[in-house]
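Here is a quick briefing for anyone opening this structure for the first time. Have a look at the fold, then read on.

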Amino acid sequence: MAARSRSRKSVPARILRLLLKAVLWFVGLSLLWVTAYRFVPPPFTVTMMGDVLGGRSVTKDWLSLARTDPNMARAAIAAEDAKFCSHHGFDVDAIAAAMKRNARGGHVLRGGSTISQQTAKNAFLWQGGGFFRKGLEAWFTLLIETIWGKQRIMEVYLNIAETGIATYGVNAGAQRYFGHNATRLSVTEASRIAAVLPLPKKRPGATPTGYTRRYGNAISRRVGIVRRDGLDSCVR
């Protein structure tokens, strides 16, 4: 009886040890993964794999942040994350505002994702919601903010964000829409690419119409504010 009792008691302990080992392995591997991407471009993402499985040919062309026209980073900040240089991965005010909007209902649930969060999702995870994925996103966001820094986050974001159907990165997007690379982008061109980012499979970047055109024009106006107020100081 005593042996049987000890066996029953040891089951929870074994499960706890297995869980602890799994957590330690996850932490260690994620640290190595994030550290590797600090120095080498992410070769492929889950989103890209989805395009490949869908029969599409992925187009991407890595361009360093130093060679990318500054207007592109400014447009991304103007469109996606005005507090990019001042927060530590999460914009608490934006998250609170998103929660209020979602509580009022509607067909589209809005998030409060920063560029850092979007980069973590794009580089390491998959598209879609769910608390589990959001939890992983928060973990990887903390890691890239700590290990990469703002310049690397922006660089990776601008190179792996989807900018069109099976098109990834602003350099490939610029070549697709404007016939030249992203080393030189006018404010209008950069703003049009930024306007495409939320719905890259549905919004045209070259000759936008309707909402996409209006949104691009609004981003163009905000780019001046980003430059004037130094909201891009962390990536210059």
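This is a predicted model: local features need pLDDT of at least 70, side-chain atom pairs count only at pLDDT 80 or more; totals for chains, interfaces and linings use all residues.

Residues are numbered from 1 along each chain as its sequence is written, and side-chain values use heavy atoms, with hydrogens and water left out.

- E3 (residues 167-168) pairs with E2 in the antiparallel sense, over two bridges; strands count as paired if DSSP finds at least two bridges between them.
- Three strands make up an open sheet with mixed pairing, in the order E1-E3-E2.
- E1 (59-60) and E2 (162-164) are at the edges with a single partner strand each, so one side of each has no neighbour in the sheet.
- In general, strands of a sheet pair through backbone hydrogen bonds, either parallel or antiparallel.

**The whole chain**
- The protein chain has ten helices and three strands; these are DSSP runs numbered from the N terminus, with helices being H or I of at least four residues and strands being E of at least two.
- Read from the N terminus, the elements go α-α-β-α-α-α-α-α-β-β-α-α-α.
- The C-alpha trace spans about 80 × 40 × 35 Å along its principal axes.
- Of the 236 residues in the protein chain, 43% are buried; buried means under 20% relative accessible area, exposed means over 50%, and partly exposed is in between (1.4 Å probe, protein chains only).

**Aromatic rings**
- The count comes to eleven aromatic pairs: rings of Phe, Tyr and Trp (its six-membered ring) pair if their centres lie within 6.5 Å, and planes under 30 degrees apart count as stacked, over 60 as edge-to-face and the rest as tilted.
- Tryptophan 33 and phenylalanine 140 are an edge-to-face pair, 5.9 Å centre to centre with 85° between the planes.
- Tryptophan 33 is in helix H1 (residues 2-39) and phenylalanine 140 in helix H6 (residues 131-147), so this pair ties together parts that are 107 residues apart in sequence.
- Tryptophan 33 is partly exposed at 36% relative accessibility, whereas phenylalanine 140 is buried at 3%.
- Phenylalanine 124 and tryptophan 148 form a tilted pair, because their ring centres are 6.0 Å apart and their planes are at 40°.
- Phenylalanine 124 belongs to helix H5 (residues 115-124) and tryptophan 148 to the loop between H6 and helix H7 (150-160), so parts 24 residues apart in sequence are tied together.
- Both phenylalanine 124 and tryptophan 148 are buried.
- One aromatic cluster takes in Phe26, Trp33, Tyr37, Phe124, Trp139, Phe140 and Trp148.

**Charges over rings**
- Lysine 150 has its charged end over the ring of phenylalanine 84, 4.6 Å from the centre; the rule asks for NZ of Lys or CZ of Arg within 6 Å of the ring centre and within 35 degrees of the ring normal.
- Arginine 38 lies over the face of phenylalanine 39, 5.5 Å from the ring centre.

**A buried threonine**
- Threonine 141 is part of helix H6.
- Threonine 141 is buried, with a relative accessible area of 0%.
- The C-alpha atoms of threonine 141 and alanine 120 are separated by 5.4 Å, although these residues are 21 residues apart along the chain.
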